[in-house]
Amino acid sequence: MLTLIETRNRHFIDRCRAIIASSPRGYTISRAEVARMAAESPAPCYYCTFTYALRMLRLLRHGRLRLRRDRRLALWMEINTKVDRLLALRPGTSLPTALANVLAEGNASQFFISPATALSLAERLR
């Protein structure tokens, strides 16, 4: 069974391959550009456990989430926004239930990985 990171890496590399395959014939695209495009493209899921996501959302909602990296904060803000939207649409739904639905739906706006990690993963395509 794959870990969440292994799954993310596999999805990311698949996205890199798709970007390379869709580039025009005769056009050389750098690995750095492939990595950037793939990292900024939608991801099929959020690659975090329910328990961890619930803990991070509670920290965020109580103003105690201290993150130095903008990508990670953007991840939790995106999940929180989707949870809030679901809570508004379905009054009486609990935070854990709304979060479970958001995570099950997936569809992250991006991979939320650093440029260095993205490039490292794209380099595996050689």
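**Exercise 1. Aromatic pairs**

How many aromatic pairs does a search of the whole structure find? Classify two of the pairs and locate their partners.

*Solution.* The model is predicted, so local features require pLDDT of at least 70 and side-chain atom pairs count only at pLDDT 80 or more, whereas totals for chains, interfaces and linings use all residues. Residues are numbered from 1 along each chain as its sequence is written, and side-chain values use heavy atoms, with hydrogens and water left out.

Step 1. The search of the whole structure finds 3 aromatic pairs. Rings of Phe, Tyr and Trp (its six-membered ring) pair if their centres lie within 6.5 Å; planes under 30 degrees apart count as stacked, over 60 as edge-to-face and the rest as tilted.

Step 2. Tyr47 and Phe111 form a stacked pair, because their ring centres are 6.2 Å apart and their planes are at 10 degrees. Tyr47 belongs to the loop between helix H2 (31-40) and helix H3 (50-61), and Phe111 to the loop between helix H5 (95-105) and helix H6 (115-123), so the pair ties together parts that are 64 residues apart in sequence. Helices (H or I, at least four residues) and strands (E, at least two) are DSSP runs, numbered from the N terminus. Both Tyr47 and Phe111 are buried; buried means under 20% relative accessible area, exposed over 50%, and partly exposed in between (1.4 Å probe, protein chains only).

Step 3. For Tyr52 and Trp76, the ring centres are 5.6 Å apart and the planes are at 70 degrees, so this pair is edge-to-face. Tyr52 lies in helix H3 and Trp76 in helix H4 (residues 70-89), so the pair ties together parts that are 24 residues apart in sequence. Tyr52 is partly exposed at 32% relative accessible area, while Trp76 is buried at 1%.

Step 4. Phe12, Tyr47 and Phe111 form one aromatic cluster.

**Exercise 2. Burial of H6 and of Phe112**

Which residues of H6 are buried, and is Phe112 buried or exposed?

*Solution.* Step 1. The buried residues of H6 are Ala118, Leu121 and Ala122. They cover an arc of only 100 degrees around the axis, which puts them on the same side of H6; the arc is that of the directions from the helix axis to the C-beta atoms.

Step 1. Helix H1 (4-22) and H2 are among what covers these buried residues.

Step 2. Phe112 lies in the loop between H5 and H6 and counts as buried, at 5% relative accessibility.

Step 3. Leaving aside neighbours within four places in sequence, the residues in contact with Phe112 (heavy atoms within 4.5 Å) include Ala39, Tyr46, Arg71 and Leu75. The C-alpha atoms of Phe112 and Asp70 are separated by 9.2 Å, although these residues are 42 apart along the chain.

**Exercise 3. The protein as a whole**

How many helices and strands does the protein have, and what percentage of its residues count as buried?

*Solution.* Step 1. The protein has 6 helices and 0 strands.

Step 1. Of its 126 residues, 37% count as buried.

Step 2. Among contacts between residues at least 6 apart in sequence, 71% join residues at least 24 apart.
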